[in-house]
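Please look through the sequence and the model below before reading on. The paragraphs that follow go from one part of the fold to the next.

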Amino acid sequence: MKRRIFLKNAGIAAAGMAVTPFSNLLARPADAKVRMGMIGVGLRGQNHLELLLRRNDVEVVGICDVSDRMLTSAKGIVTKSGKKMPEIFTGDNYAWKTMLEKTKLDGIVIATPWEWHKDMIIGTIESGIKYVYSEVMIGITLEDHWDVVKAAEKNKAHVMMLENVCYRRDVMAVLNMVRQGIFGEMIHLQGGYQHDLREVKFNDGVNAYGHGVEFGEKGFSEAHWRTEHSVHRNGDLYPTHGIGPIAQYANINHGNRFLSLCSFSTKARGLHNHIVKQGGENHPNAKVNFKLGDVVTTSINCANGETILLQHDTNLPRPYSLGFRVQGTEGLWMDVNKSIYVQDKSAKAHQWDEAKEWLDKYDHPLWVRWSKETEGAGHGGMDFFVIHGFIESIKRKTNTPMDVYDAAAWSSITPLSEKSIELGNQTVEVPDFTSGQWMYRKPTFSMTDDY
Ligand SMILES: NC(=O)c1ccc[n+]([C@@H]2O[C@H](COP(=O)([O-])OP(=O)(O)OC[C@H]3O[C@@H](n4cnc5c(N)ncnc54)[C@H](O)[C@@H]3O)[C@@H](O)[C@H]2O)c1
């Protein structure tokens, strides 16, 4: 589909893409490389590093991490790429501040444990850098989320949370269908994070996956920090892969907003059972009480009358699925059974069509244009688009495809769901981080085939 036709079909003015007061209007030489720094080059940061090094318009000039092992792997990736070795900053938990002081950077990638994101985002913004690319979750408490929004507003900085699932090919084809009205008016949306993480939350301290039942000091990579959140917190701890795409379908913060939510949690069995099965009932970790319920469900109510059902399910045996359901007045898509039904258009009444033919027909223009470049990029190619969107925004000095308000709305579901559960499943209000601007903001995510 040609770009112009897509915009027309989307029925949304291109003005939504225009430069806003956030933009820095300083001109930049056309051939200047984007100077990037990285905080955190663990397993995820190394994926980002590889993608950045692939680009000819980027120079990675600084890398910070506290782990020698992760730094050695990251340096190996740089050497293999043939690019110049960035300056390395390490030694203590605040070495990133030294990197911000000593290196001239256009943008930064943060891929550290969740509990560091808020301080690192705000510290980066306050150092004068205008573009921050943070891995998912921008804070722990609700207040953290407000702090990040206020810091971005005060310093006119762009904070893009790296929600890669928004760019999944089927997710984007469905976005294209939603924008063209194929499903009618949006009524109900479902999604979540349904991923058996037992071999991520525990390992032997050496291998990342599939061995051992250690965590904390004795764990490696995410087992080193993420598991503690399952010990101490009960809520939807990882909402953004589900809610990001749903928010695009429902135009959240762009003509619609979340109003309130209510969460329920089951008992916690999966992690304990895994430890006993793999490590024996005498393993010290068999005594740990995990606070995180095995399945946490959250219902969200939106200003325009849609409902959303989110699920967080990471402790039990199950195949991976984000469980999307996008339902409108004319039909629906469900990703688990890879099916679509559209009234009067599907082959047979009351029977599913294979989703594939619809998804191929409505392939999003971004994927049509860039699919070759996505080859080899992580998570089926979608990781290419997140980095691409971020770097192109820096080069053009425009807003990022997903902004600080999106990040705050999606990531704050965690503390809000914790609060709802703590209050005996009470419905809690979702704050309006845009301070009323949601009524006027036009959809801007992936409106063209550019980025
Ligand atoms: N979007 C996705 O698909 C996806 C996939 C995996 C992970 N993630 C996210 O990426 C982030 C990182 O996860 P990961 O899997 O790489 O974890 P990891 O444990 O492998 O890496 C984290 C890195 O941060 C470093 N670090 C910790 N404290 C630091 C500090 N003070 N200064 C500098 N470095 C510090 C650690 O040494 C480690 O190398 C998390 O937010 C996670 O949720 C996202």
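In which loop does lysine 156 lie? Lysine 156 sits in the loop between α6 and β6; helices (H or I, at least four residues) and strands (E, at least two) are DSSP runs, numbered from the N terminus. The model is a predicted one, in which local features need pLDDT of at least 70, side-chain atom pairs count only at pLDDT 80 or more, and totals for chains, interfaces and linings use all residues. Residues are numbered from 1 along each chain as its sequence is written.

The phi angle of lysine 156 is near 50 degrees, a positive value in a residue other than glycine. A residue is called buried if 20 or more other C-beta atoms lie within 10 Å of its own, exposed if 12 or fewer, and partly exposed in between, with C-beta atoms placed from the backbone. Lysine 156 counts as partly exposed because it has 13 C-beta neighbours inside 10 Å. Serine 435, in the segment after β15, also has a phi near 50 degrees, again positive in a residue other than glycine. Serine 435 has 10 C-beta neighbours inside 10 Å and therefore counts as exposed.

The next topic is the domains. The chain is divided into domain 1 (13-164) and domain 2 (166-370 + 402-439), with bounds that come from an automatic or database domain assignment. The C-alpha centres of domain 1 and domain 2 are 25 Å apart. Across the boundary, 20 residues of domain 1 are in contact with 21 residues of domain 2, where contact means that the C-beta atoms of two residues, placed from the backbone, lie within 7 Å. On the side of domain 1 that touches domain 2, the elements giving two or more residues are α6 (142-155) and β6 (158-161). The most come from α6, with 5 residues. By class, this side of domain 1 has 13 nonpolar, 6 polar and 1 charged residues; Ala, Val, Leu, Ile, Met, Phe, Trp, Tyr, Cys and Pro count as nonpolar, Asp, Glu, Lys and Arg as charged, and the others, Gly among them, as polar.

In soluble globular proteins, nonpolar side chains tend to be buried together. Here the largest nonpolar core has 116 residues, and Val132, Val148 and Val159 touch the most other members. Such a core is a set of buried Ala, Val, Leu, Ile, Met, Phe, Trp, Tyr and Cys residues joined through C-beta atoms within 7 Å. Helix α14 (residues 382-396) supplies the largest share of this core, 8 residues. Domain 1 (13-164) and domain 2 (166-370 + 402-439) both give residues to the core, so it lies between them. Leaving aside neighbours within four places in sequence, valine 148 is in contact with Lys118, Ile121, Ile122, Ile138, Gly139, Val159, Val404 and Ala408.

An open sheet of 9 strands has the order β14-β13-β12-β11-β7-β10-β9-β8-β15, with mixed pairing; two strands pair if DSSP finds at least two bridges between them. At the edges stand β14 (353-354) and β15 (428-429), each with a single partner strand, so one side of each is left without a neighbour in the sheet. Strand β7 (residues 186-194) runs parallel to strand β10 (residues 307-313), joined by 7 bridges. Leucine 189 stands opposite isoleucine 308 in β10, and tyrosine 193 has histidine 312 as its bridge partner there. With strand β11 (residues 325-328), β7 pairs in the antiparallel sense over 4 bridges; histidine 188 faces glutamine 327 in that strand. Of the 9 residues of β7, 7 are buried.

Between β10 and β11 is a loop that holds glycine 323. Glycine 323 counts as partly exposed because it has 17 C-beta neighbours inside 10 Å. Apart from neighbours within four places in sequence, its contacts are Gln190, Gly191, Gly192, Gln194, Gln311, Asp335 and Val336.

Which residues are closest to the ligand? They are Gly40, Gly42, Arg44, Ser67 and Ser221, out of 28 residues that surround the ligand; a residue is near a molecule if its C-beta atom, placed from the backbone, lies within 6 Å of it. The shell around the ligand draws at least three residues from each of domain 1 and domain 2. At least two shell residues come from each of α2 (43-54), α5 (114-126) and α9 (222-232), and α2 gives the largest share, 3 residues. By class the shell has 14 nonpolar, 10 polar and 4 charged residues.
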